[in-house]
Amino acid sequence: MRKYILLLLLLNFAALSAKTADSVMLHIVYNTTYATYGNGHKTHDVMALDVGRTMSHFYSEAQRLRDEQMKKINESNLPLEVAINNAKNVGGGGLQWHVCKRPSGGDSITFYDTFGLDGVKYTEADKRLQWNIEDGDTTICGYSCGKAWTNIGGRRWTVWFTADIPVSDGPWKLRGLPGLILKAVESDGIYSFCCTSITSGNGMFVEMPSGNYTDCTYDEYKTIYYKYNDDPIQFLVTRTGNSLPIPGSKRKSAIISIDEKPFTH
């Protein structure tokens, strides 16, 4: 029965794709765990992968909800004091970075991130990951999954993917297997993603991250990342043109970069 439902969904996806290139064919939700340096604390988030015919978008659902709420407040024309109070009641967002890529293994991946009021993005050529298929299987969300691993940025990632959904995509920058990646775990326990649900797009569109993002190189992104995570208050002060040091503003812990192992402190 599950295969018949999958076939029906795939036929529906094809119909949606014929109408518009960025209709969401699959909406995959992942329970996400990530660590911080300084105290080793583990934090949880709910992230989503929207897969269209020509591109996909991986993002934090908590952050998207926060952005939508803030947008409504900004567009409400409420008195400033009321708007500020409403903004204070908006829940905290999750991970602020996004990844946009082509599910078929296109020519580039764009990574978006936000530091205070600064949004930046860098685009890199699609790197064909060298996957190693391992023995071992499991079942995730009712789908039989095979096992594989690869190295990215000095970290080893082990994933479980299902050939029942022939979409070569997954969380973060992970893709290139003959099926959708439903679970991914970094060997040091820094990040993990585990699928909790798979649905059709229900009329959704694959949307690019909203807001203004400045183009930068990967090396420039790393420089900004270090400066912000080491001392976010001083970073914000400097960006506004004030170079005076702020005593006691050093950060005790920050999210560990997902991009590469040497990124950590």
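Five helices and 13 strands make up the secondary structure of the protein, which is described here from a predicted model. Of the 265 residues in the protein, 44% are buried. The accessible surface amounts to about 13900 Å², and carbon and sulfur atoms account for 54% of that area. Among contacts between residues at least 6 apart in sequence, 56% link residues at least 24 apart.

Strand E3 spans residues 56–60. Five of its five residues are buried, that is, under 20% relative accessible area, so E3 is largely enclosed by the rest of the structure. In a regular strand, side chains alternate between the two faces of the sheet. Both faces of E3 are covered. Ser56, Phe58 and Ser60 lie on one side, and His57 and Tyr59 lie on the other; all of these residues are buried.

E3 pairs with two strands, E2 and E4. Strand E2 (residues 42–51) runs antiparallel to E3, and five bridges connect the two. Within this pairing, Asp50 has His57 of E3 as its bridge partner. E2 and E3 form a hairpin, with four residues between the strands. Strand E4 (residues 98–101) is also antiparallel to E3, and three bridges join this pair. In this second pairing, Ser56 stands opposite Lys101 of E4.

Key: Residues numbered from 1 in each chain as written. Predicted model: local features only at pLDDT ≥ 70, side-chain atom pairs only at ≥ 80, totals over all residues. Heavy atoms only, no water. Buried < 20%, exposed > 50% of the residue type's maximum accessible area, 1.4 Å probe, protein only. Contact = heavy atoms within 4.5 Å. Areas by Shrake-Rupley, 256 points an atom, 1.4 Å probe, with all protein chains shown as cover. Pairing = 2+ DSSP bridges.
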